[in-house]
Amino acid sequence: MQNFMSKLGLSSVLAAYALIASTVTAQVQTLDRVVAVVDEDVVMASELAQRINTIASQIQAQQVQAPPIDILRRQVLEQLIIERLQLQMASRAGVTISESELDQAIARVQQNASVSPEEFRQRLRADGMTVKSFRQQIRQELMIRRVEQGSVNRRIQITDQDIDNFLRSKEGEFWKSPQYELGHILIPISSSAPASEVTQAREKAEDLSQQVRGGADFRRLAIANSAGQNALAGGDLGWRKTVELPTLFADALNGLKVGDVSEPFRSDAGFHLLKIHAQKGASEQLVEQTKVRHILLKPSAILSDDEAYNKLVAMREEAMDSDNFSELARENSEDIGSMLSGGDLGWSMPGQFVPEFTQAMKTTSIGEISLPFRSQFGWHILKVEDRRKQDMTDQYIRNQAASLLRNRRYEEELQNWRREIRDQAYVEIKLTEEKEGSADEAQ
């Protein structure tokens with residue numbers, strides 16, 4: 001060996017050892033590679049493997065049988081491709097997430113997990129994540145959500161005719177029907193009973209009704225007097241929507257409020273009493289409305305996210321000192337619909353604004369100006385000018401119906417939109433599977 005080394009030279013031997021070592025390392029180290037080209041971006045094998053491991057762990061935790069690995073791999077890859085396309089759209093649109101918004105989102109995640117900051121970091125480490133990588137993941141999720149909301153909501157139009165058709169449908173009738181927790185007493189009487197027995201049964205029902213109005217316990221009276229099948233349960237019928245009740249029962253409840261008992265009414269089975277113990281759903285809606293003004297700034301290539309935030313901070317301070325919110329809105333707001341009227345949005349209705357706006361409006365006192373907050377439209381500040389309670393029962397029902405229809409269409413349109421951006425993109429899949437050999441698929 002020494003002769004060999006002396007003949008070869010020390011430098012040559014070291015080079016040979018280095019070559020052997022690098023060859024061995026290359027054999028044991030898994031090299032990363034591209035598994036999909038997505039327009040101007042790529043998906044790497046390491047990223048695909050990490051996502052598969054995460055989803056497989058979630059499936060195992062749910063004690064659900066996982067699909068075959070080849071199917072899971074392709075499903076996860078498709079998910080990553082869609083995310084790449086959405087993030088590219090976000091980048092082209094100038095969508096950014098500020099550090100403060102990111103901090104708030106992470107705080108909500110931690111709060112929902114009901115753990116301390118240190119316990120939260122421990123969980124991240126157990127999942128193989130760092131705080132930095134987790135922040136990046138949440139940032140991307142927020143960007144994707146903003147792109148989805150902005151793109152999909154523009155595709156959805158809920159008209160008055162849509163709402164009318166829904167409310168007139170059987171489903172709409174059922175949906176808007178109030179739900180009552182009912183008590184029932186039946187004083188039995190045959191349909192062929194003589195008049196004297198009918199009178200006696202009616203008088204007993206009227207007497208029980210008066211006792212309840214006088215403060216007697218309905219459930220106790222039902223147990224002692226009712227012939228209904230729920231008598232021993234205090235006459236409780238549970239929660240029932242009016243459309244689920246016999247017409248005779250529904251008519252008897254008309255005009256009653258929680259705690260009221262009906263007048264006795266007759267059916268072929270005898271005389272009935274109904275008491276409303278509780279109610280859910282359509283009743284008189286005294287809605288708290290808020291009169292509000294706002295200023296909107298939209299981050300762009302010219303105005304960064306942080307610059308928009310800081311500009312609104314300065315406007316807020318000026319408005320608080322000079323009471324010129326309306327003037328500032330006319331000069332600066334990018335909400336075309338309200339800027340000319342000094343940012344005036346009029347009297348609000350529940351569900352009228354996005355959740356971030358509603359929350360800021362709710363937590364701002366009359367005469368005060370909110371801190372800047374972010375929504376899918378950009379950065380806002382708002383000023384609450386007044387509050388009032390209005391009976392908005394009909395409008396409330398229509399708004400709730402519109403929200404329900406929008407939510408239904410959102411999920412459908414979201415899937416349609418995702419498929420469209422997938423079909424319009426250049427995607428080349430380079431996924432190689434052992435069983436299938438090497439076969440690239442260009443799409």
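## Helix 11

On the face of helix 11 turned away from its buried side lie the exposed residues Arg220 and Ala224 (exposed is over 50% relative accessible area, buried under 20% and partly exposed in between, with a 1.4 Å probe and protein chains only). The helix spans residues 218-225, and its buried residues are Phe218, Leu221 and Ala222. These three cover an arc of only 105 degrees around the axis, which puts them on the same side of helix 11. The buried residues pack against strand 3 (179-188), helix 10 (195-213) and strand 6 (270-280).

At the N-terminal end, aspartate 217 caps helix 11, with a side-chain oxygen 2.8 Å from the backbone nitrogen of arginine 219.

## Basis of the model

The model is predicted: local features need pLDDT of at least 70 and side-chain atom pairs pLDDT 80 or more, whereas totals for chains, interfaces and linings use all residues. Residues are numbered from 1 along each chain as its sequence is written, and side-chain values use heavy atoms, without hydrogens and water.

## Helices 7 and 17

The axes of helix 7 (residues 131-153) and helix 17 (residues 393-424) come within 10 Å and cross at roughly 105 degrees. The two helices are therefore roughly perpendicular to each other (65 to 115 degrees). Residues in contact (heavy atoms within 4.5 Å) include Val147 and Glu148 of helix 7 and Tyr410 and Trp417 of helix 17.

## Alanine 49

Alanine 49 is located in helix 3 (residues 45-61) and counts as partly exposed, at 36% relative accessibility. Its C-alpha is 8.4 Å from that of arginine 73, 24 residues apart in sequence.

Note on methods
Helices (H or I, at least four residues) and strands (E, at least two) are DSSP runs, numbered from the N terminus. The arc is that of the directions from the helix axis to the C-beta atoms. A polar contact is a pair of N or O atoms within 3.5 Å; within protein, one must be able to donate a hydrogen and the other to accept it, and residues adjacent in sequence count only if both atoms are side-chain atoms. Axes are lines fitted to C-alpha atoms, for helices over the stretch in contact, and angles run from 0 to 180 degrees between N-to-C directions. Angles under 35 degrees count as roughly parallel, over 145 as roughly antiparallel, 65 to 115 as roughly perpendicular and the rest as oblique.
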